[in-house]
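Hi everyone, thanks for coming. Today I'd like to walk you through one chain, going from the whole down to a few single residues. Please have a look at it first.

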Amino acid sequence: MAQPIRLLLASFVGSGVLFTSALLSLPVMPVAQVQAQTLDAAFQEGGKKYQAGDYAGAIKAYDRAIEINPKLAVAYLNRGIAKWSLNNYSGAEQDFDTVLKLDSKNTAALLGRGGAKLVRQQYAAAATNFEAALKLDPKQTNALLGLAEAKAGQGNFQGALTDLNRALDLKQSAGLYLRRGQIKAQFEDIEGAIADYDQALKLAPRDPAAHMALGDARFAQGDLQGARANYGEAIRLDPKRVSAHIARGTAQLSLGEEEAALEDFNAALALDRNNPTALFRRGLTQAALKNSEQAIADYNQAIDLGPETASLYFYRGNEKLIGQGDLQGAILDYDQALRLDPKYGQAYLYRASAKSKLGDLAGTLADLRQAKQFLEQSGNTALAQRAQADLDRMQGRSPSTTTNQPEASPEPTLTPNP
């Protein structure tokens, strides 16, 4: 969602509303010469502060302009944009409302109000504003982009693609190709997504977001080497992009290159030390490298940050079971994972293994039955068959009287950027 919102915001700034020259085309109320000079100074200050990133200072400057002329629509518009930049979407929407009371055909205010509703997931109301902007300007590509986002938010991906196609017929834009590719990827049209990302990169070869998206598509295709190369280019262009380090680390972990993966997760955590995804995946990497204590430490920190995430307890339990032989500690973690997700088939299966080692026959059989049921429901046929084989052994239909003891955690289904 962030990229489309930035595109919408860029359209407001690009319309020139932040420059005092915009005043020349507005029917402002006559004011005394000294008042006009003060108003012009307020606008100049607001524009300079906005461009310098001092959004709070810009708001104060536009406050002064509004005090001088409370009917000056462009002052409310500029202040709304500055509030937007501080993520004050409700305040921005109030200013855009005022603009539209003063000037009902102000396209920029319709875009802004639609964007404010969009970012707060008020998709139907957002669509109404973008449609109104399109009635005023049928070639307004940012209105088409906003309308596409509103439709996508409502699950109407085909409608979103139609709007993006219309926008691209009007304007060849890297951002539009990127967004259309992302929606195609949601349809699992990976080839179509890649074609759009390629187009985006032809227009904006230094856009790290496009390299990231192309990497994600290649990852989805199983082209881990290609994905790693794209993530590497994103890092080269934007070395502080945490998501790129996590994504490349994930590709390298999936390739079995644990040391290289560890470097990327370390780099991500150097930039954002409390990133739960980087901590979890570094934990997985440490476990693969047989660094059990370090793995547990990473899982602990990830759990502190996300205590309601069942998989974190599951993988910490696995490390206690397999890496440390701490059967009771492992069971406690599986218990917590199952409290959070009562249908977690793998947690039942691995808890059965720990209970089997402790000689708890009844508990083992109960967990194996639950494991088989929920693993079948989730489509994990291989592990469901393993649970059935363990049941057969435990119930005397096979020579062994213990479960198959796991030698490693099951490999999680990882995506580059969850």
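Let's start with the record. UniProt, in an unreviewed entry, places the feature "repeat: TPR" at residues 39-72, 73-106, 107-140, 174-207, 208-241, 242-275 and 276-309. UniProt positions are given here in the numbering used for this chain, feature names are shortened, and annotations may be inferred rather than shown by experiment.

Before we go on, two notes on what you are looking at. This is a predicted model, where local features need pLDDT of at least 70, side-chain atom pairs count only at pLDDT 80 or more, and totals for chains, interfaces and linings use all residues. Residues are numbered from 1 along each chain as its sequence is written, and side-chain values use heavy atoms, with hydrogens and water left out.

Now the overall picture. The chain has 22 helices and zero strands; helices (H or I, at least four residues) and strands (E, at least two) are DSSP runs, numbered from the N terminus. Take two of the repeats as examples. Residues 73-106 are 79% helix and 0% strand, with end C-alpha atoms 9 Å apart. For residues 242-275 the values are 79% helix, 0% strand and 9 Å between the end C-alpha atoms.

How much of the chain is buried? Of its 418 residues, 51% count as buried, and buried means under 20% relative accessible area, exposed over 50%, partly exposed in between (1.4 Å probe, protein chains only).

What sits inside? The largest nonpolar core has 64 residues, and Phe43, Leu77, Phe96 and Tyr197 have the most contacts inside it. Helix α4, residues 73-85, gives the most to this core, with eight residues. A second, separate core holds 45 residues, including Tyr313, Leu321, Ala354 and Leu375. By nonpolar core I mean a set of buried Ala, Val, Leu, Ile, Met, Phe, Trp, Tyr and Cys residues joined through side-chain atoms within 4.5 Å.

Next, let's visit helix α8, residues 141-153. The expected span of a helix is 1.5 Å times one less than its number of residues. At its start, a side-chain oxygen of Gln140 reaches to within 3.0 Å of the backbone nitrogen of Asn142. After α8 comes Gly155, whose phi is positive, near 85°.

Now two single residues. Ala210 lies in helix α12, residues 208-221. Is Ala210 buried or exposed? Its relative accessibility is 0%, so Ala210 counts as buried. Setting aside residues up to four places away in sequence, Ala210 touches Leu178, Ala200 and Leu201, where contact means heavy atoms within 4.5 Å. Ala210 is also 13 residues from Tyr197 in sequence, with 6.1 Å between their C-alpha atoms.

The other residue is Asp264, in helix α15, residues 258-271. Asp264 counts as buried because its relative accessibility is 3%. Beyond its neighbours within four places in sequence, Asp264 is in contact with Ile235, His245, Arg248, Gly249 and Gln252.

Terms used:
A polar contact is a pair of N or O atoms within 3.5 Å; within protein, one must be able to donate a hydrogen and the other to accept it, and residues adjacent in sequence count only if both atoms are side-chain atoms.
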